Amino acid sequence: MKATRDGFGEGLLELGRARRDVVVLSGDLGDSTRAIWFQKEFPNRFFEIGIAEQDMLGTAAGFALSGKIPFACSFGVFATGRAWEQIRTSVCNMNLNVKIGGTHCGISVGADGTTNEAMEDITLMRSQVHMTVIVPCDAIEARKATIAAASTPGPVYLRLGRYPAPGVTQEKDPFVVGKANLIRDGKDVSLFACGLMVHEAIQAADLLGSQGIRARVVNMHTVKPVDREAIVAACRETGAIVTAEEHTIVGGFGSAVAEVVVEECPVPLARIGILDRIGESGEPEELFKAFHLTAQDIAQAARSVIQKKRK
Amino acid sequence: MTRELEEKITALKKKAKEVRKDDLTMLAKAGSGHPGGSLSLVEILVTLFYGEILKHDPKNPEWADRDRLVLSKGHGCPALYVLLAHRGYFPRSLLWTLRQLGSPLQGHPHRGLAGIETSSGSLGQGLSIANGMALAARLDQKSHRIYCVTGDGEIQEGQIWEAAMTAGHYKLDHLCAIVDANGIQQNGPVAQIKNLEPLPEKWRSFGWHTIEVNGHKFSELLSAFQEALSVKEKPTVVIARTVKGKGVSFMEGRSEWHGKAPNAEQLEQALKEIEAGDIG
């Protein structure tokens with residue numbers, strides 16, 4: 001099993017070989033973000049900016065204004081939080097071709113504890129004008145997303161993790177920015193998930209299946225622009241929705257789905273995610289249980305929205 | 001001083017007067033904006049645009065080999081707008097639409113207007129962008145230069161010092177920062193709000209070649225930019241000691257004129273003083 005950060009590192013290497021306009025900026029931490037892999041092969045296109053995320057994002061803007069495709073790499077919490085206003089003013093206001101790779105996102109960071117666990121990055125990046133937000137579910141998808149980011153116009157945020165992610169997707173699966181991938185069809189309830197939660201959602205569908213409930217599972221790798229068609233179809237065809245994210249439910253992925261549901265086709269909906277609380281240290285598996293992010297939690301939420309549907 | 005230089009400075013002084021007058025006229029028409037920090041900038045920008053310093057082509061604003069000018073202190077944009085109009089980037093008549101709905105001349109610069117390299121106005125961000133431009137130019141083996149104008153209050157922002165460290169680390173000798181050190185920020189003297197001195201020593205310790213000049217003296221500005229051209233292995237900063245509101249007696253050194261437009265009467269007096277004045 002490989003982490004999505006590994007897929008990101010591989011994607012950067014492929015991009016480096018294929019395109020001369022790709023440069024990588026690193027706010028230290030290059031070994032952790034895998035940016036160091038690019039540095040080893042393309043030292044002249046790698047720029048160490050040190051522990052200075054605001055400067056890194058501004059420098060990336062300068063590269064983009066000079067026709068380059070810069071990937072700025074740090075932990076998600078620092079890249080999106082500390083440099084939020086630089087991303088707003090120096091990047092998004094000018095719709096620049098800056099790509100941000102944020103690793104160590106979510107509770108699955110584990111032992112490093114709350115200050116290093118990005119819980120709000122989807123919310124923060126989703127509110128940025130012109131920003132595309134992608135949350136890959138495994139290393140294969142992360143590699144594809146990284147390569148796709150380079151040819152997606154404007155700013156892109158890639159939300160990545162350090163915890164080895166169970167393989168969910170195959171090499172042959174399509175990856176189109178903004179287009180959700182149906183993993184399993186069903187007609188009783190739809191489970192929308194991103195990142196590591198896609199695997200949990202598949203396991204939840206298995207649990208539900210053993211109870212005679214047929215759950216649709218959708219991998220929403222792109223949180224912005226959200227795939228409205230997939231959401232509306234799920235509302236019409238299954239009549240109940242559960243979202244699952246390894247992130248705060250305040251303004252995050254579940255909120256993005258709920259906005260469409262409420263506007264287009266209101267049906268019972270439940271959000272699985274981090275409930276407006278900070279993180280803590282622990283083993284990722286323990287933390288998933290403690291923060292109610294497991295397949296069991298998703299299955300329980302699914303049964304509850306199905307109940308509401310019948311009333 | 002050679003006769004040639006004397007003539008050049010006479011022409012620059014004349015241009016500076018025109019720029020100051022248009023600057024205040026557009027602000028008065030807009031009814032809001034920043035006179036103080038745009039008037040302190042005039043000689044700096046006139047030197048860059050009319051002193052044969054900036055390599056640029058108003059007919060081809062996106063020319064790949066042009067020198068870049070990043071106005072990090074975005075609130076100084078009225079002066080830059082006037083210079084861009086006078087150099088032919090857009091018609092002078094556009095100046096009178098400043099701050100109006102639909103005008104490309106926003107209250108702070110926004111990329112999209114010919115000659116504006118970057119959006120700015122959130123202070124402290126321009127030098128990082130200039131670094132990125134300079135690193136990209138080096139990667140592409142281009143010879144153009146990058147200029148970045150900051151304020152002095154602005155450099156209370158920590159990002160400026162992150163960027164100063166980066167430029168020093170990468171020895172960006174094709175980068176020249178200019179600090180418009182007018183000594184006044186919105187709520188009072190910089191020295192009282194949060195002191196920055198000794199400014200030259202701070203930049204020097206970050207690995208910069210430092211030149212301190214009277215920022216209203218064309219001879220000093222011209223020679224500083226010439227000197228910067230010959231500096232190798234270090235970025236250069238020109239610390240331009242200026243006067244906020246320069247050229248208008250009731251605005252000079254007064255923080256209340258940081259962000260307030262003159263009324264019709266004040267404009268009339270200001271234009272008279274500028275015409276009668278002798279700056280440069």
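Modeller: Happy to! H4(A) and H6(B), which I'll come to at the end, are roughly perpendicular to each other. Please keep in mind that this is a predicted model.

Let's start with the sheet in chain B. Five strands form an open sheet there, in the order S1-S2-S3-S7-S6, and their pairing is parallel. At the edges stand strand S1 (68–71) and strand S6 (209–214) of chain B; each has a single partner strand, so one side of each is left without a neighbour in the sheet. On average, neighbouring strands of this sheet are turned by 20° against each other, direction ignored.

Now look at one pair inside it. Strand S2 (residues 146–151) and strand S3 (residues 175–181) of chain B pair in the parallel sense over six bridges. You can find Cys148(B) opposite Ala177(B) in S3(B). Helix H9 (residues 218–230) of chain B packs on the sheet, where it touches S2, S3, S6 and strand S7 (236–241). The direction of H9 makes about 170° with that of S6(B).

The axes of helix H4 (residues 53–65) of chain A and helix H6 (residues 158–169) of chain B come within 8 Å and cross at roughly 65°. The crossing of H4(A) past H6(B) is right-handed. On the H4(A) side, the contact is made by Glu53(A), Gln54(A), Asp55(A) and Gly58(A), and on the H6(B) side by Gln159(B), Glu162(B), Ala163(B) and Thr166(B). By type, the residues of this contact divide into one nonpolar, four polar and three charged.

Conventions:
Residues numbered from 1 in each chain as written. Chains lettered and ligands numbered in written order. Predicted model: local features only at pLDDT ≥ 70, side-chain atom pairs only at ≥ 80, totals over all residues. Heavy atoms only, no water. Axes fitted to C-alpha atoms, helices over the stretch in contact; angles between N-to-C directions. Helix = DSSP H or I, 4+ residues; strand = E, 2+ residues; numbered from the N terminus. Parallel < 35°, antiparallel > 145°, perpendicular 65-115°, else oblique. Left-handed = near helix turned anticlockwise from the far one by under 90°. Contact = heavy atoms within 4.5 Å. Nonpolar A, V, L, I, M, F, W, Y, C, P; charged D, E, K, R; others polar. Pairing = 2+ DSSP bridges.
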